[in-house]
Amino acid sequence: MDAFSGSRGTNDSHGFFGREVLEMGTLLFAAGAAHLLVVSLGHSDSGVRTLIVLGVLLLAFSALHRWRRHRRTRRQSPAYPVAAALARHRPDSPVEDRLWSVRVTVADVPGGLAALTGRFAALGVDIRLMQVHPDGTDAVDEFFVSVPPTVDEADLRRAVRDAGGRRAVVRTADVHELSDTTSRTLTMVDALVTSSTTLERCLIALAAAHDVRRAPMPVGSEDHAASDGSRAPQPREELLGTTMLLPAPGGGTLTVHRAGLPFTPVEFARCRALAQVACSLEARSLVGRPDHR
C-alpha cells in the first residue's frame, strides 16, 4: 500500500460515520423546510402562485448554468475554431516542420519589416535566417523559415501580401542553406583549391541556380590575338535578370540560370568573385605545366 492509499484509508475509517450523519441531517432539514413552505403558502391562491414562480426561477437558473458550462467546455475543446487554430501551431506537434525560403521586395522604410515578421508570427512561422539584398530604394529580403505542416505556400504568400510585400517568391529550401553565406563561400573556395569540386557545382549551391552552361571561347580568337599583338577578348560579366554571365576557367563564358527568381546584385558579386578565384587557380596551374609556353 502506498502513502496515498494509506492516507485515504485512514480518512475513510475516521470520517465515514460523520459524513453519513451530516448528509442525513441535511436531507431532513431540506425536507422539513420544503414541507413548511408548502404548508404555509399552499392554502391560498397567492401562495400557490408564489410556489410556481419560485419553481420557474429555479428551473431557469439551472438551465442558464448548464448552458454557460457547456459553452465554456466548447471553447476549451480543439473543435472550437480558436483552439483548433492554436493547436495547429503547437511546437510539440509530432509532424516535423518544413523549411521554406521566402524572398520578398519590401519598401525600405521604418516598420516595413516588422509588419511582415508579425504576420509570420501569427502563422507560427519561425524565422531561422534572414538575408538582406539592397536594391536601390527597395530592399529584397530573403527569409529561411521553419513552417508548421498546416501552413502551405498560399498562406505564406498571403502573409507577404497583407504586410505590403511585393514580388514574393516562395520555394522549398534545403537545410544546408541555413549556414552563413560567408562560411559557405570559403568552404567552396577551399574545395576549388583542392580540386574536390567544380565551379559549376559551387555556383549552383551558392546562388540556388538551376543550371550552369559553359560556352567555349570562339575558335581562333587566341591565335588572332597572338598574331597582331592585341589582347584576347575578355569573357562577358553581366547580370541579366534570371541569368548571369561569368568568366569560365580556361576561357569561355559560364551562363548561370535560375528560373522564376532574378539574381540580385549582391548574388552577382558573390558569384563573380568565386569565378575569378577559379580562373586565377586555373591560370596558376597552367603556369606550372611543362608544356606551357
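**View 1. Salt bridges across the predicted model.** Nine salt bridges are counted here, a salt bridge being a side-chain nitrogen of Lys or Arg within 4 Å of a carboxyl oxygen of Asp or Glu. This is a predicted model, in which local features need pLDDT of at least 70 and side-chain atom pairs count only at pLDDT 80 or more, while totals for chains, interfaces and linings use all residues. Residues are numbered from 1 along each chain as its sequence is written, and side-chain values use heavy atoms, with hydrogens and water left out.

**View 2. Glu 142 and Arg 171, a pair between two strands.** Here Glu 142 makes a salt bridge with Arg 171, with 3.5 Å between the closest N and O atoms. Glu 142 belongs to strand S3 (residues 138–147) and Arg 171 to strand S4 (residues 166–172), so the pair ties together parts that are 29 residues apart in sequence. Helices (H or I, at least four residues) and strands (E, at least two) are DSSP runs, numbered from the N terminus. How accessible are the two partners? Glu 142 is buried at 3% relative accessible area, whereas Arg 171 is partly exposed at 22%. Buried means under 20% relative accessible area, exposed over 50%, and partly exposed in between (1.4 Å probe, protein chains only).

View 3. Glu 267 and Arg 258 form a salt bridge, their closest N and O atoms lying 2.9 Å apart. Glu 267 is buried, with 6% relative accessibility, and Arg 258 is buried too, with 2%. Which residues belong to the network of salt bridges? Arg 103, Glu 142, Arg 171, Arg 258 and Glu 267 are linked in it.

**View 4. Asp 155 and Arg 158 on helix H5.** A salt bridge joins the side chains of Asp 155 and Arg 158, at 2.9 Å from N to O. Both residues sit in helix H5 (residues 153–162), three residues apart, or about one turn of the helix. An α-helix has 3.6 residues a turn, so residues three or four places apart point the same way. Asp 155 is buried, at 16% relative accessible area, while Arg 158 is partly exposed, at 38%.

View 5. Leu 37, Val 53, Leu 54 and Leu 57 make a nonpolar surface patch of about 350 Å². Patches are made of residues with over 30% relative accessible area and no salt bridge, where like charges are joined within 9 Å and nonpolar side chains (Val, Leu, Ile, Met, Phe, Trp, Tyr) within 5 Å. Accessible areas come from the Shrake-Rupley method with a 1.4 Å probe, and for residues only the protein chains shown count as cover. Helix H2 (residues 45–76) gives the most to this patch, with three residues. Leu 37 is found in helix H1 (residues 3–41) and is partly exposed, at 38% relative accessibility.

View 6. Gly 112, Leu 116 and Phe 120 are the buried residues of helix H4 (residues 112–122). Down the axis of H4 they fall within an arc of 70°, so they line one face of the helix; the arc is that of the directions from the helix axis to the C-beta atoms. The face turned away from this buried side carries the exposed residues Ala 121 and Ala 122. Just after H4, Gly 124 has a positive phi of about 80°.
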